[in-house]
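Please look through the sequence and the 3D structure shown here, and then read the short report that follows.

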Amino acid sequence: VKNMNLDQKRQDELKKIEEQREMEKQTMAEEEKARKLAAEKAKKEKEEKSKKAAELLAVQKETMAKEEKERKADAQKLLKEQELETKKKREVLSQKEKEEAEKEQEKIAKSKEVEEAEKAAAEEEEKKRKAAAEEARKKAEEEDGQKYYSLEELKRGVKGINFGKKEQYLSPAEFKELIGMTKEEFKELKAWRRQDLKKKHGLF
């Protein structure tokens, strides 16, 4: 009897384990089904969004193509109108007026060429002058053991200098070129004369 009770108890336990496993399998199956359904739904939503985006893009492209076509047509029309207007104006002008207009254009073109050449030459000269001044300034700095600045830098303002004596920060060569005398000669001038020269050259 005791053995039979043990066998029955074991069978009941095995049955419970089997039922628990079956329930777990069922739960897992339901979860897998729910996951598949969710994935399918997400896939459909994504496909729907992609479809709508593609349709919108197609509409936009079509609209842009239409607008571009209209723009080109308008531009072509305007160009033809301008060409026609120009042709009419040319026909109205006499041969003499046409020749005079061409001569004037040539004159303007030549004048412009000369102007540009002069400007280029002036720029090149200024470039050389600045390079020479910079070289002279560096050389003077090495010789005098002092930092010098260009006139443009001093006019803009340099930190850490005595603003009442800006002229002292010009290199000797640049000072002489600007003022027309050496720094020693400048010091010998009367105060009012020094002030006038400093004001004149933007060093006051």
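## The nonpolar core

The largest nonpolar core has 13 residues, and those that touch the most other members are Tyr149, Leu154, Ile161, Leu170, Ile179 and Phe186. Such a core is a set of buried Ala, Val, Leu, Ile, Met, Phe, Trp, Tyr and Cys residues joined through side-chain atoms within 4.5 Å. At least two residues of this core come from each of α3 (151-156) and α4. Leu154, when residues up to four places away in sequence are not counted, touches Tyr149, Ile161, Lys166, Tyr169, Leu170 and Leu203, where contact means heavy atoms within 4.5 Å.

This is a predicted model, in which local features need pLDDT of at least 70 and side-chain atom pairs count only at pLDDT 80 or more, while totals for chains, interfaces and linings use all residues. Residues are numbered from 1 along each chain as its sequence is written, and side-chain values use heavy atoms, with hydrogens and water left out.

## Helix α2

Helix α2 covers residues 95-144, and its 50 residues reach 72 Å from the first C-alpha to the last, close to the 74 Å expected at 1.5 Å a residue; the expected span is 1.5 Å times one less than the number of residues. Helices here are DSSP runs (H or I, at least four residues), numbered from the N terminus. After α2 comes Gly145, which has a positive phi near 65°.

Within α2, the residues Ala133, Arg137, Ala140 and Glu141 are buried, and α4 (172-179) is included in what covers the buried residues of this helix.

## How α2 meets α4

The two helices α2 and α4 pack at an angle of about 130°, with their axes 8 Å apart. This angle makes α2 oblique to α4, since angles under 35 degrees count as roughly parallel, over 145 as roughly antiparallel, 65 to 115 as roughly perpendicular and the rest as oblique. Arg129, Ala136, Arg137, Ala140 and Asp144 of α2 make the contact with Pro172, Ala173, Glu174 and Glu177 of α4.

## Two residues in a loop

Glu167 lies in the loop between α3 and α4, and because its relative accessibility is 9%, Glu167 counts as buried (under 20% relative accessible area, with exposed over 50% and partly exposed in between, for a 1.4 Å probe and protein chains only). Apart from its neighbours within four places in sequence, Glu167 is in contact with Phe175, Lys183, Phe186, Lys198 and Leu203.

Phe163 is also placed in the loop between α3 and α4, but at 45% relative accessibility Phe163 counts as partly exposed. Phe163 and Asp74 are 89 residues apart in sequence and 63 Å apart in space, C-alpha to C-alpha.

Terms used
Axes fitted to C-alpha atoms, helices over the stretch in contact; angles between N-to-C directions.
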